[in-house]
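Trainee: I have a structure to read and I am new to it. Please take me through its features one at a time.

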Amino acid sequence: MEEKYSQQSKHDFRNAVVELSNHLQTMFSSRYKKFDEFFKELLENAEKSLNDMFVRTYGRLYMQNSELFKDLFVELKRYYVGGNVNLEEMLNEFWARLLERMFRLVNPQYHFTDEYLECVSKYTEQLKPFGDVPRKLKLQVTRAFVAARTFAQGLAVARDVVSKVSAVNPTPQGTRALLKMMYCPYCRGLVSVKPCYNYCFNVMRGCLANQGDLDAEWNIFMDSMLLVAERLEGPFNIESVMDPIDVKISDAIMNMQENSMQVSQKVFQGCGQPKTLAQGRTARSVSESGFSARFRPYNPEERPTTAAGTSLDRLVTDVKEKLKQAKKFWSSLPGNICNDEKMSVGTVNENECWNGSAKSRYDFAVTGNGLANQVNNPEVEVDITKPDMVIRRQIMALRVMTNKLKNAYSGNDVDFIDISEESSGEESGSGCELQQCSPEFEFNATEVAGNSNKSDKNMNTSAATRSGLSQAALLLSIFFLAMQRQWR
């Protein structure tokens, strides 16, 4: 009979945790899908808009060179989904290739070898044939895509962390405490008497000690997400950058055409006078091909104004509110479980509740959150030398992602990380073997690869100077650094 109730108490506890966590996990999952769908559809719309308008404006000449523009969007999409793409180098390459094509078109009477065109491309930065468009667009695209990709990934990381941490497996000591709290009143004939609120609080703080340690890093992560959300609302947000990208590229083309004579003369001075084509073989000029017409964008009613049936402003406003609500989730979890009328009597009738031994007031103080505070927990025996390794890995995942968010907030490109390959079948709870764990075990900010930058001043971090790690803890830190590299 005891075994039956023991299993039932574990089942009730797990269900209580999962019920509260599922709501949070679903929120992050749904917001990630919405943002991901929005960003991808935004890119599709921008590419379609450019193609439609360039076909209409430049006709056959554009179609003969359309692969250049198609490649641009292929690389932008590849970057967003995690490809190894350097945005600045990719955009520089795009403008260099466009200059080579345009240079041929504005100088149809000459023959240009590949070597000569390579020389031409070297003058892109010096001559600025496209005006200031490439520089501005590079800045806008880089900041917009860094923020968009990092924010979407942050939502995915939050989803995965909640999923792994909520798979709670109580220790044998925790199971005994749960059994005593939830079913021992039955043995005394106190079937209708529910546990005292503070009694429930102590049991839950003990059973969720490791989850409590997640809270500090989780809150820093939420603050970092909120800061990057501000970037999605600012002047470099991806919607305001991608929606008019066709107009900006066309303006650059027109600028090149209008200054073609000056550009060509300077190139000829630097790269040499090219050979003239034989009479009758002169390529068609730009004006003959239709490039002389000033680009005409769609009317506002013609242009797509949203992607995925929504707008970035609406998505960001919604998710910011949810991120604020998600703060302190793990430190609030014991109290939220005990607030359920099935788990405790609540804060009323404090003299008419089960205190672990009788129907009376519960007199012990409530212990603090986290593993270290459980050393004096009167209800659950917790071995504070055995931190839960699944949760420690999630703390590391949050720290790594927070570092990415800090860089993205400052506009710095960040490496794409993927922790989806982590075993999803692991459960938290019983901690680790003594040989694997140390009571001094901590994750330090210095374990995260990456340069410190001025954005750190804007982030409310809990990092403080920590004492030196023991030899065992140092070995564990090296182990997790290796794991971090694998995530990348």
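Trainee: What should I know before starting?

Mentor: This is a predicted model, in which local features need pLDDT of at least 70, side-chain atom pairs count only at pLDDT 80 or more, and totals for chains, interfaces and linings use all residues. Residues are numbered from 1 along each chain as its sequence is written, and side-chain values use heavy atoms, leaving out hydrogens and water.

Trainee: How many helices and strands does the chain have?

Mentor: Helices (H or I, at least four residues) and strands (E, at least two) are DSSP runs, numbered from the N terminus. The chain has 19 helices and 2 strands.

Trainee: What share of the chain is buried?

Mentor: Buried means under 20% relative accessible area, exposed means over 50%, and partly exposed is in between, with a 1.4 Å probe and protein chains only. Of the 488 residues in the chain, 50% are buried. The chain exposes about 23600 Å², and carbon and sulfur atoms supply 47% of that area; the areas come from the Shrake-Rupley method with a 1.4 Å probe.

Trainee: Which residues of α17 are buried?

Mentor: Helix α17, residues 329-338, is mostly covered, with 8 of its 10 residues buried. These are Phe329, Trp330, Ser331, Leu333, Pro334, Gly335, Ile337 and Cys338. Lys328, in the loop between α16 (312-326) and α17, is exposed, with a relative accessible area of 51%. Phi of Lys328 is near 60 degrees, a positive value in a residue other than glycine.

Trainee: How do I read the packing of two helices, for example α11 and α18?

Mentor: Axes are lines fitted to C-alpha atoms, for helices over the stretch in contact, and angles run from 0 to 180 degrees between N-to-C directions. Helices α11 (residues 209-233) and α18 (residues 389-409) pack at an angle of about 20 degrees, their axes 9 Å apart. That makes α11 roughly parallel to α18, since angles under 35 degrees count as roughly parallel, over 145 as roughly antiparallel, 65 to 115 as roughly perpendicular and the rest as oblique. The residues of this contact divide into 13 nonpolar, 5 polar and 6 charged. Ala, Val, Leu, Ile, Met, Phe, Trp, Tyr, Cys and Pro count as nonpolar, Asp, Glu, Lys and Arg as charged, and the others, Gly among them, as polar.

Trainee: Which residues make the contact of α7 with α13?

Mentor: The axes of α7 and helix α13 (residues 245-258) come within 10 Å and cross at roughly 155 degrees. That makes α7 roughly antiparallel to α13. Val133, Leu137 and Gln140 of α7 meet Ile245, Lys248, Ile249 and Ala252 of α13, where contact means heavy atoms within 4.5 Å. By class, there are 5 nonpolar, 1 polar and 1 charged residues.

Trainee: At what angle do α3 and α7 pack?

Mentor: Helix α3 (residues 66-80) and α7 pack at about 35 degrees, with axes 9 Å apart. Leu76, Tyr79 and Tyr80 in α3 meet Val141, Phe145, Val146, Ala148, Arg149 and Ala152 in α7. This contact has 8 nonpolar, no polar and 1 charged residues.

Trainee: Where is Ala167?

Mentor: Ala167 is in the loop between α7 (133-165) and α8 (172-182). Ala167 is partly exposed, with a relative accessible area of 23%. The C-alpha atoms of Ala167 and Asn15 are separated by 9.8 Å, although the two residues are 152 residues apart along the chain.
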